[in-house]
Amino acid sequence: MNTPLERAGAVLTIDLDAIAANYRLLREKAEGAECAAVVKANAYGLGAAAVARRLIVEGCTTFFVAHLGEAIDLRAALGEGPDIFVLNGTPPGTARDFLAARAIPVVNSLAELAEWRALAAESGAVMPAALQVDSGMSRLGMAPEEAALLAEDPSLIAGIDVRLVMSHLACADEPGHSANMAQVSEFERLRRILPEARASLANSSGVFLGKAFRHDLVRPGAALYGINPVPGKRNPMRPVVSLKARVVQLREVPQGAGIGYGHALHADAPMRLATLSIGYADGWPRGPRAGAFCGDAPLPLAGRVSMDSIVVDATGLSDDVLWQGAFVDMICANQTVDDVAAASGTIGYEILCSLGRRFHRIYLGDRSVAGDQTP
Ligand SMILES: *Cc1c(COP(=O)(O)O)cnc(C)c1O
């Protein structure tokens, strides 16, 4: 039998030590605020259980996911210790599953709060919850009018242990955007409804916006995974993922040859082409101009991205540099996740989240169970 690595068309390497280093940097930047970790969407595609276990070693005790299902899986992986918050609230009738998983809902409306309160009354226990207020993003959280009702009527939170009052920034990656200060002021106003509760506003980029944004707890996701939280400036985070794809075929084509679907490219001179085992079914963006690298030599994309393969221009690279079965670099120092995103008209977040159900995955720096490489 071949090993999974020998069979692999592409290999995604996830450096948990780099995630740990990024966590330590964010915690330092948080200057005394607690640093939680957002591991929704399977830790942006990188493996929520492996990431969270590694961050627990660094002292992280608070995690955020988006869905109850994610919280249930994460609780099973992590055991009883850490807090797990669920950002997308409580679908009707799910309160008991929340309790069973000891997941803490982020309550986004008074209606949701009522359901949670009823459960508290019924069970006679105090129910932990986070309250989200909308400070100006218009996506999730109680509207200011709902918050005002809450301020007038404390019975609305009877039986509820408000563990966090939170809100989310719409424009944190644009430090000069006037919405940032407007959101801080609005959040300060709304959080006064529950002055005793801990407060949280900042995502990754928010951590870098200054002290006014950090409150009691910060919620970075993307920066943990190496995405630049300060676009336009040098990325302070360590790169976390590298991606290699295998050369499945090499060919020489004459001038005028049509390449790939739609003949979107014709060779304007004789070319050497390499077909790589990665395509849009693996999450490699179809719209892009991102190619590959062989060492420091760029291999520009030739024609369209197919479902399972792409063709790159390897003209000038001989068989001893690039051979059938060799791996070339798709995400590496020469072409970061943010570079691939920029070449594809999207953001690094989307690239990471999309990558690879078919890739062979290698985790570096797993400090949990010896030999355990489960994602
Ligand atoms: C996704 C998310 C985060 C993390 O955002 P990043 O930009 O990835 O750091 C924090 N808070 C909320 C409410 C989110 O939805």
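Guide: The model is a predicted one, in which local features need pLDDT of at least 70, side-chain atom pairs count only at pLDDT 80 or more, and totals for chains, interfaces and linings use all residues. Residues are numbered from 1 along each chain as its sequence is written, and side-chain values rest on heavy atoms, with hydrogens and water left out.

Glutamate 31 is in the loop that runs between helix H2 (16–29) and strand S2 (34–35); helices (H or I, at least four residues) and strands (E, at least two) are DSSP runs numbered from the N terminus. Most residues other than glycine have a negative phi. Glutamate 31, although not a glycine, has a positive phi of about 45°. Alanine 41, located in helix H3, also has a positive phi, near 50°.

Around the ligand are 14 residues (a heavy atom within 4 Å), of which Lys40, Tyr44, Ser204, Ala222 and Tyr349 come nearest. The polar contacts described next are pairs of N or O atoms within 3.5 Å. A side-chain N or O atom of tyrosine 44 is 2.5 Å from a ligand oxygen. In arginine 219, a side-chain N or O atom is 3.0 Å from a ligand nitrogen. Alanine 222 instead uses a backbone N or O atom, 2.8 Å from an oxygen of the ligand. On its own the ligand has 390 Å² of accessible area, and the protein covers 93% of it (Shrake-Rupley method, 1.4 Å probe).

The structure also holds 4 aromatic pairs (ring centres within 6.5 Å). Among them, tyrosine 44 and tyrosine 349 form a tilted pair, 6.0 Å centre to centre with 35° between the planes; planes under 30 degrees apart count as stacked, over 60 as edge-to-face and the rest as tilted.

Notes: Polar contact = N/O pair within 3.5 Å; in protein donor to acceptor, adjacent residues only side chain to side chain.
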